[in-house]
Amino acid sequence: MHNDPPQTPTELLDAGSCWDLLRGVSVGHLAVFVNGYPEVFPVNYKVDQQSLVFRTGEGTKLRAAGGPLAVALEADGHDEVKAWSVLVKGKAVILEPSDELLAGAGLTLFPWQAGEKDHFVRIVPTSVTGRRFTITSPLTWWNHVGHGTRQDTA
């Protein structure tokens with residue numbers, strides 16, 4: 001018998017709430033397929049209309065994102081009480097630099113890592129989903145680890 005506090009249900013977020021949360025952070029994790037296996041890369045991104053734009057240099061990430069397979073970008077965040085996670089799935093399109101792009105998302109898109117990041121990639125979503133939930137105190141869940149399996153050796 002446990003005296004657990006009641007769990008609050010996970011809140012499924014609508015697309016508008018997901019976009020609002022995505023605008024509030026700048027780092028996500030890009031998932032792509034490389035040689036048949038998933039690879040995950042941190043990227044700095046900006047929301048541009050109803051899509052995500054990031055910059056990258058030549059290499060694995062750019063080749064995989066520009067390929068025929070879908071990509072996904074996950075971003076998350078939290079405050080003292082709630083945590084959230086948003087997943088954007090879709091097709092990545094390598095963009096040609098344009099005045100419009102550079103004046104929009106490109107103007108404020110600064111990668112954290114130094115180096116040539118002269119390629120812009122847009123993720124055009126086919127799916128945007130998210131969830132928000134109350135952060136549980138570690139003292140609540142820690143007591144359940146191994147509960148009922150510990151044997152006293154005395």
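Trainee: How many salt bridges does the structure hold?
Mentor: There are 3 salt bridges in this structure, and keep in mind that the model is predicted.

Trainee: Okay, which residue does Glu11 form a salt bridge with?
Mentor: Its partner is Arg132, and the closest N and O atoms are 3.1 Å apart. The pair links distant parts of the chain, with Glu11 in strand S1 (residues 11-13) and Arg132 in strand S7, 121 residues apart.

Trainee: What about Asp48 and Arg122, how do their side chains meet?
Mentor: In a salt bridge, at 2.9 Å from N to O. Asp48 sits in strand S3 and Arg122 in strand S7, so this pair ties together parts that are 74 residues apart in sequence.

Trainee: Are those two buried or exposed?
Mentor: Asp48 and Arg122 are both buried.

Trainee: Where do Asp20 and Arg23 lie?
Mentor: Both are in helix H1, 3 residues apart, which is about one turn of the helix. Asp20 counts as exposed at 53% relative accessibility, whereas Arg23, at 45%, counts as partly exposed.

Trainee: Switching topic: how many residues are in the largest nonpolar core?
Mentor: It has 27, and Leu22, Tyr45, Leu52, Val86 and Ile123 are those with the most contacts inside it. Several elements give two or more residues to this core, including helix H1 (15-23), helix H2 (60-65), strand S3 (37-48) and strand S7 (119-134).

Trainee: Let's stay with Leu52. What does Leu52 touch?
Mentor: Leaving out residues up to four places away in sequence, Leu52 touches a set that includes Trp19, Leu22, Tyr45, Leu73, Val88, Val121 and Ile123. Arg122, from the buried salt bridge with Asp48, also touches Leu52.

Trainee: Nice link! And Thr56, buried or exposed?
Mentor: Thr56 counts as buried, because its relative accessibility is 4% and the cut-off for buried is under 20%. Thr56 lies in strand S4, and its contacts beyond four places in sequence include Lys61, Leu62, Asp118 and His119.

Trainee: Last one: what does the overall secondary structure come to?
Mentor: It comes to 4 helices and 7 strands, in the order β-α-β-β-β-α-β-β-α-β-α along the sequence. Of the 154 residues, 33% count as buried.

Key: Residues numbered from 1 in each chain as written. Predicted model: local features only at pLDDT ≥ 70, side-chain atom pairs only at ≥ 80, totals over all residues. Heavy atoms only, no water. Core = buried A, V, L, I, M, F, W, Y, C linked by side-chain atoms within 4.5 Å. Buried < 20%, exposed > 50% of the residue type's maximum accessible area, 1.4 Å probe, protein only. Contact = heavy atoms within 4.5 Å. Salt bridge = Lys/Arg side-chain N within 4 Å of Asp/Glu carboxyl O.
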